[in-house]
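Subject: Structure handover

Hello,

Here is the structure I promised to pass on. Please open it first, then read my notes below.

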Amino acid sequence: MASAPFGYRNRISEDNRKYIAIHPVHGPLIKGVFKELATGRFNTEQVWKMAKGDGLTCSKQAFWMAIRNPVYCGKIFIPPFKDEPGHFVTGQHEPLISEQLFDEVQDVIDGRKRNLSNKPKKADNKFDVP
């Protein structure tokens, strides 16, 4: 098993099964990142900078890969194997966010959802963690 994504941590159950559990500090931070991105008020770099100020310890590229990762909504991608096509399955881990929130963030990132505010707001490098 690889290392857990940011916001989760690797765990071993009493029967020696490996799983990922929500990290008590970083989990809410990632949840806040997704909620902020879904609003469309700030671009991904601004949200990354705000989150770094609150304790995020990853590069911009790793942040970009994290917000594209469906693990946060409870889905795992199974790659194609022999004659079977690749597909998503529901993971056994607890999701940090809903599928709906994940899809909204993907729409904002891809530019399919427009920002409805009249003028952009300046990032104050402060990130509200719920």
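**The cysteines**

C58 is buried, with a relative accessible area of 15%. C73 is buried too, at 9%. Both values fall under the 20% cut-off, so both residues count as buried. How many disulfides does the structure hold? The count is 0. A disulfide is a covalent bond between the sulfur atoms of two cysteines. Please keep in mind that this is a predicted model.

**The overall layout**

The protein has 4 helices and 4 strands. From the N terminus on, the order is β-β-α-α-α-β-β-α. There are 130 residues, and 35% of them count as buried. The exposed surface comes to about 8700 Å². Carbon and sulfur atoms supply 52% of that surface. I also looked at contacts between residues at least 6 apart in sequence. Of these, 52% join residues at least 24 apart.

**The nonpolar core**

The largest nonpolar core has 29 residues. Which of them touch the most other members? They are F34, L56, F63, Y72 and I97. Helices α1, α2, α3 and α4 (99-110) each supply at least two residues of this core. α1 gives the most, with 6 residues.

Y72 deserves a look of its own. Leaving out residues up to four places away in sequence, Y72 touches P5, F6, Y8, I30, F34, A66, P95, L96 and I97. Two of these partners, F34 and I97, are also on the list of core residues that touch the most other members.

**Helix α2**

Helix α2 spans residues 44-53. Its buried residues are V47, W48, M50 and A51. Why do they lie on the same side of α2? They cover an arc of only 165° around the axis, and that puts them on one side. An α-helix has 3.6 residues a turn, so residues three or four places apart point the same way.

What covers the buried residues of α2? The cover includes α1 (26-39) and α3 (60-67).

Both ends of α2 have a detail to check. At the start, a side-chain oxygen of N43 reaches to within 3.1 Å of the backbone nitrogen of E45. After the helix comes G55, whose phi is positive, near 115°.

**Where to begin**

Then turn to α2 and find V47, W48, M50 and A51. Finish with C58 and C73.

Best wishes

How values were computed: Residues numbered from 1 in each chain as written. Predicted model: local features only at pLDDT ≥ 70, side-chain atom pairs only at ≥ 80, totals over all residues. Heavy atoms only, no water. Buried < 20%, exposed > 50% of the residue type's maximum accessible area, 1.4 Å probe, protein only. Arc of directions from axis to C-beta. Contact = heavy atoms within 4.5 Å. Polar contact = N/O pair within 3.5 Å; in protein donor to acceptor, adjacent residues only side chain to side chain. Core = buried A, V, L, I, M, F, W, Y, C linked by side-chain atoms within 4.5 Å. Areas by Shrake-Rupley, 256 points an atom, 1.4 Å probe, with all protein chains shown as cover. Disulfide = S-S within 2.5 Å.
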